[in-house]
Amino acid sequence: MSWSRLVVSKDGAGERRYLLVSVLAAALSTIAGCKQAQPIDPGGLSSEGGATGSGGGGGSGAPGPVVVTDPPPPPPPDCSNCAGPNQRCVQQLCVACGGTTQPCCAGGEATACSPGHRCSGGGTASNPGICLACGKMGGVCCANSMCEAPLGCADTGSGPGMCGVCGGMDQACCNGPAATRCAAGSRCVEAAGGGTCKPCGEMGQACCVGTTPCMGALGCIDNSMGPDTCGVCGGAGQPCCAGANVCQAGQRCTPPAVGSNSPSTCQACGAMGQLCCAGSACTSPLGCVNNTGTPDTCGMCGGVGQPCCAGDDECKSGARCEDGAAGMPDRCVACGGMGQACCPGSTCSMGLGCDDPGQGPGTCSRCGQRAGAECCEGENCASGLACAGADNGMPGMCQACGRAGGPCCPNQSCATASLRCIDDGPGDGTCRACGKAGEPCCRNDSGAFTCNNNLTCGPAVMGIRSCQAAASPDAAAGN
């Protein structure tokens, strides 16, 4: 029995109640049918589009809801196999590269594009740039400023340059090293829009670039206020030449006065009273006097009572350089004699030792001259002797040094090259035989370890490296 039959009434009010209940009944019936519905297999639809099976809710042949499934998403872009010679990964896509208008391949400029192309723009992983044709007349130069022969890569002021005719007189400079930008007899004069080749090498012209800056006997004048020019230079009173040989022998390049626009000039040097030549050189027997506050000049120097010479050898043997009075040059004074200051290197005349407590040049006295004699102050002894036992204010005694099995001499030295000072205890160490198999490695004047014959210096054991037989090639190879 349906809901409509339960509420039938013949009066007007009953008919209205009947209609309302009928609507509710229809809604409930629809909800019940939805709960029982099942997905329909598209293969089970009839040719008319209806379901071949019975529908939910007892209806026969009624169409049910169709459930549509979305297709699976495409796989993410993958560059794992993008390893071909003309492939590269751009934004997770493997694409061809290197050809005309294709992305530039990875690598340097010379390999980014196929021959006849160059990479333009880009330069990042996401935007690598594109390959464009190059090397043709009027086109951009290829990598390394290359163009099709006989064209050259003309300088355009910026960018890779343009292929065309370049390098000749009044033509655009070619790109490349300075010495090859222009033909012989011309040099590149730079400008904002690109350089131009202009004449060079003749009198008054700019110096050329390369090993022959000027023609014939002309030299390249060093103009401190502008570009170097070709002219006569290097002689007395002439402008200094540019480069290493700025003046001829017996001349020295002298700068102009402060504020002057004149070039530096060559002035005579080396004679008495003249400026010292390059390298503090003077005509023998003169020396280069070390003038405090003024340029060094040639004169008599280095002897006792004379000014100190410039350079390392300030005074002659038997003299040492001492500071002069205010405004006066330093002077050489006698040294090495009894009661005199010790000479450089704490040396004294034969039979004397240098008493030097470490606060000055020291004074020569009769100390430290033989084994068993008292050490001079500063623990100094004559050559071939070493000071031992100096401690707690006691001066110590001089003893023979440098011999095999004996103490090392000062500065860890030994008497012969076949002995080496081994630091094996207190004092300055012990001199021991070296260089033979099983002996400590010797040490030459430069500090390098050496061994006799075909022996090699082995690794350090307990801080000492010893000589041993060199490993055979088979042993070295592990055979």
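With a torsion of about 105° around its S-S bond, the disulfide of Cys-301 and Cys-309 comes out right-handed. Its sulfurs sit 2.1 Å apart, and a disulfide here is a pair of cysteine sulfur atoms within 2.5 Å. Keep in mind that this is a predicted model, where local features need pLDDT of at least 70, side-chain atom pairs count only at pLDDT 80 or more, and totals for chains, interfaces and linings use all residues. Residues are numbered from 1 along each chain as its sequence is written, and side-chain values use heavy atoms, leaving out hydrogens and water.

How buried is this pair? Cys-301 has 7% relative accessibility, so it counts as buried, and Cys-309 is buried too at 11%. (Buried means under 20% relative accessible area, exposed over 50%, and partly exposed in between, using a 1.4 Å probe and protein chains only.)

Next, look at Cys-342 and Cys-354, a disulfide with its sulfur atoms 2.0 Å apart. Cys-342 is in the loop between β16 (331-334) and β17 (353-355), while Cys-354 is in strand β17, so the bond ties together parts 12 residues apart in sequence. Strands (E, at least two residues) are DSSP runs, numbered from the N terminus. The S-S torsion is about 110°, so this disulfide is right-handed, and both cysteines are buried.

That β16-β17 loop also holds Cys-348, whose partner Cys-364 lies in strand β18 (residues 363-365), so this pair links parts 16 residues apart in sequence. Here the torsion is about -90°, which makes the disulfide left-handed. Cys-364 is buried at 1%, whereas Cys-348, at 23%, is partly exposed.

Across the whole structure, the search finds 34 disulfides.

Terms used: Helices (H or I, at least four residues) and strands (E, at least two) are DSSP runs, numbered from the N terminus.
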